[in-house]
Amino acid sequence: MKDDVKEILFTEEEIAVKVKELGQQISEDYRGEDLTVVGILKGSNIFMGDLIRKIDIPLSIDFMVVSSYGQSTESSGVVKVLKDLEYSIEGKNILIVEDIIDTGLTLDYLKENLFRRKPKSLKICTLLDKPARRKVDLKVDYVGFEIPDAFIVGYGIDYAEKYRNLPYIAVLKEEVYE
Ligand SMILES: O=P(O)(O)OC[C@H]1O[C@H](OP(=O)(O)OP(=O)(O)O)[C@H](O)[C@@H]1O
Ligand SMILES: [Mg+2]
């Protein structure tokens, strides 16, 4: 697995520092308010777990499973909801947690989908932001790291369902996916 890595972008330690910063900022912004954190699986599986433990206010969690990359390095442009939320979000403060925003198509679809359910507020937190590939305008409220236009894996993020268990965030060698 490690032989497929071209370059480590962010170490475990760098990720931990950033996640703590994001958690502190979110805690301050929502203090005194109810908060429901919605993780977008599978990619946010690790980030979500680490982030909520750095948020020191009461919160509840829910998950959606969506997919648009499948086994590819390119978005299909079609966002499939494989598992929907368990609970109503009407009148609630919702924070969507994503691992990475690339073209923005996934979150553009999800924002529309969730806004229709009448939440009190709807904000977005992503660990990684790849602005060079954005295809839609998207306001993102909390961003961990801005990254270059490269296909990354690790810390829950996959290529063809592999590499999620890498403890750091890395760029894959092109020969792995070309
Ligand atoms: O901004 P976009 O171009 O839409 O890309 C971002 C989305 O792509 C990845 O999901 P993927 O479809 O790979 O599913 P996964 O989370 O199960 O890996 C990632 O987790 C984001 O949800
Ligand atoms: Mg993926």
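Buried is used here for a relative accessible area under 20%, exposed for over 50%, and partly exposed for values in between, with a 1.4 Å probe and protein chains only. The model is predicted, and local features need pLDDT of at least 70, side-chain atom pairs count only at pLDDT 80 or more, and totals for chains, interfaces and linings use all residues. Residues are numbered from 1 along each chain as its sequence is written, chains are lettered from A and ligands numbered from 1 in the order in which they are written, and side-chain values use heavy atoms, with hydrogens and water left out.

View 1. Helices (H or I, at least four residues) and strands (E, at least two) are DSSP runs, numbered from the N terminus. With a relative accessible area of 14%, Val79 is buried. Contact means heavy atoms within 4.5 Å; apart from neighbours within four places in sequence, Val79 is in contact with Val66, Ser67, Ser68, Leu105, Thr106 and Tyr109. A separation of 8.7 Å lies between the C-alpha atoms of Val79 and Tyr69, which are 10 residues apart along the chain.

**View 2. Helix α1 (residues 12-30) and what covers it.** The expected span of a helix is 1.5 Å times one less than its number of residues; for the 19 residues of α1 this gives 27 Å, in agreement with end C-alpha atoms that are 27 Å apart. Buried residues of α1 are Ile15, Lys18, Val19, Leu22, Gly23, Ile26, Ser27 and Tyr30, and their cover includes β1 (5-10), α2 (45-52), β5 (93-101), β6 (121-129), β7 and β9 (169-172). Just after the helix, Gly32 takes a positive phi of about 85°.

**View 3. The aromatic cluster of Phe151, Tyr159 and Tyr177.** Rings of Phe, Tyr and Trp (its six-membered ring) pair if their centres lie within 6.5 Å, and planes under 30 degrees apart count as stacked, over 60 as edge-to-face and the rest as tilted. Four aromatic pairs are counted by this rule. In one of them, the ring centres of Phe151 and Tyr177 are 5.8 Å apart and their planes stand at 55°, so the pair is tilted. This pair links distant parts of the chain, 26 residues apart, with Phe151 in the loop between β7 (142-146) and β8 (152-153) and Tyr177 in helix α4 (residues 174-177). Phe151 is buried, at a relative accessible area of 13%, whereas Tyr177, at 21%, is partly exposed.
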